[in-house]
Amino acid sequence: MLLVLDVGNTNTVLGVFAKVAKMPASDASSASEIPHYELLVAHWRVGTNAMHTVDEYGVLFRNLFAMANLEAKGIHGIVISSVVPPLDSTLRQVCERYFSTKPLFIEPGVKTGMPVQYDNPAEVGADRIVNAVAAFEKYGGPCVVVDFGTATTFDCVSPKGEYLGGVICPGIGISAEALFERTARLPRVDIRKPARIIGSNTVGSLQSGLYYGYLGLVDGILELLLGELGEATRVVSTGGLAPLIGTGSRYIKHVDEFLTLEGLRIIWERNFAAKPVTAPKGKTSAAPKTSDAPSKPWPSGKSRSAR
């Protein structure tokens with residue numbers, strides 16, 4: 001099985017993929033095989049806490065596995081996308097101590113199969129690259145991925161599968177928090193679509209402003225992006241609030257809850273395929289020592305080569 005983790009500023013999403021088929025390596029003379037994972041057998045969303053220790057995260061993950069009747073020893077690969085650098089060392093130790101596996105972190109030097117056209121490719125968040133890879137693989141290009149997280153990101157991919165860049169704006173959650181903290185008499189409300197646009201009370205008015213105000217922001221940005229990329233551009237949304245905002249948008253046609261997890265799976269398989277390990281006949285090959293890979297920037301805007 002393959003364990004994938006998407007570590008965000010607010011939440012960490014975990015998924016477990018089962019191997020359903022095997023693809024022969026490109027070199028027919030090699031006895032190694034490339035594991036191919038397709039079936040998402042379990043997934044969880046937990047709070048991200050940079051103060052948790054290795055053992056606290058280890059116990060949490062093992063308990064989640066136990067609830068799903070999964071064995072930790074069944075994990076043969078782990079891939080992590082993290083935008084919380086202080087947690088990287090902790091999660092690396094969790095993987096090695098509780099799963100006996102060295103994780104692959106999505107970072108400079110990792111093969112993604114997608115050229116990055118950013119001025120400084122090293123600045124692009126790992127989760128944005130992962131989403132772009134998954135969207136292009138599943139929906140083709142050109143495409144835009146709208147990820148509703150702590151920040152809402154719009155990531156653009158060209159028809160050739162190049163990461164072009166995008167837009168970053170405050171997420172609806174932190175926008176709401178700013179409103180509640182700076183106004184003494186306005187109550188905290190759930191963020192949801194109200195029954196009416198015109199609120200007849202304070203709660204309804206707040207919900208209408210938050211929902212329709214943010215929906216207007218999203219559609220306004222998408223309208224401009226589609227003007228540059230073309231009307232044939234596919235728009236995909238993901239993230240915790242994607243079902244809420246994505247279903248109300250004029251431009252979002254696909255709400256893909258597990259897009260990031262799929263992207264992590266795809267990148268892991270591409271890196272496994274890039275480093276085949278020849279095994280004796282009758283035995284399967286071991287996973288590559290991905291943690292020993294040298295750190296390099298994302299493919300530079302000058303060379304445009306895929307990594």
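Which residue follows α3, and is its phi positive or negative?

Modeller: The residue after α3 is Gly140, and its phi is positive, near 80°. This is a predicted model, in which local features need pLDDT of at least 70 and side-chain atom pairs count only at pLDDT 80 or more, while totals for chains, interfaces and linings use all residues. Residues are numbered from 1 along each chain as its sequence is written, and side-chain values use heavy atoms, with hydrogens and water left out.

Helix α3 itself covers residues 126–139; helices here are DSSP runs of H or I with at least four residues, strands are runs of E with at least two, and both are numbered from the N terminus. From first C-alpha to last, the 14 residues of α3 reach 20 Å, close to the 20 Å expected at 1.5 Å a residue. That expected span is 1.5 Å times one less than the number of residues. Of the 14 residues in α3, 11 are buried (under 20% relative accessible area, with exposed meaning over 50% and partly exposed in between, for a 1.4 Å probe and protein chains only). Among them are Asp127, Arg128 and Asn131, as well as Ile129, Val130 and Tyr139.

Next comes the sheet that contains strand β6 (residues 143–148). Five strands form this open sheet in the order β8-β7-β6-β9-β10, with mixed pairing. Strands β8 (163–170) and β10 (254–255) stand at its edges with a single partner strand each, so one side of each has no neighbour in the sheet. Pairing requires at least two DSSP bridges between two strands. β6 and β9 (residues 234–239) pair in the parallel sense over 6 bridges, and Val144 stands opposite Val235 in β9.

Another parallel pair is β1 (residues 2–7) with β4 (residues 77–82), joined by 6 bridges. Val4 has Val79 of β4 as its bridge partner. In a regular strand the side chains alternate between the two faces of the sheet. In β1, Leu2, Val4 and Asp6 point one way and Leu3, Leu5 and Val7 the other, and all are buried.

As for cysteines, Cys95 is buried at 4% relative accessible area, and Cys169 also counts as buried, at 10%. The structure holds 0 disulfides, a disulfide being a pair of cysteine sulfur atoms within 2.5 Å.
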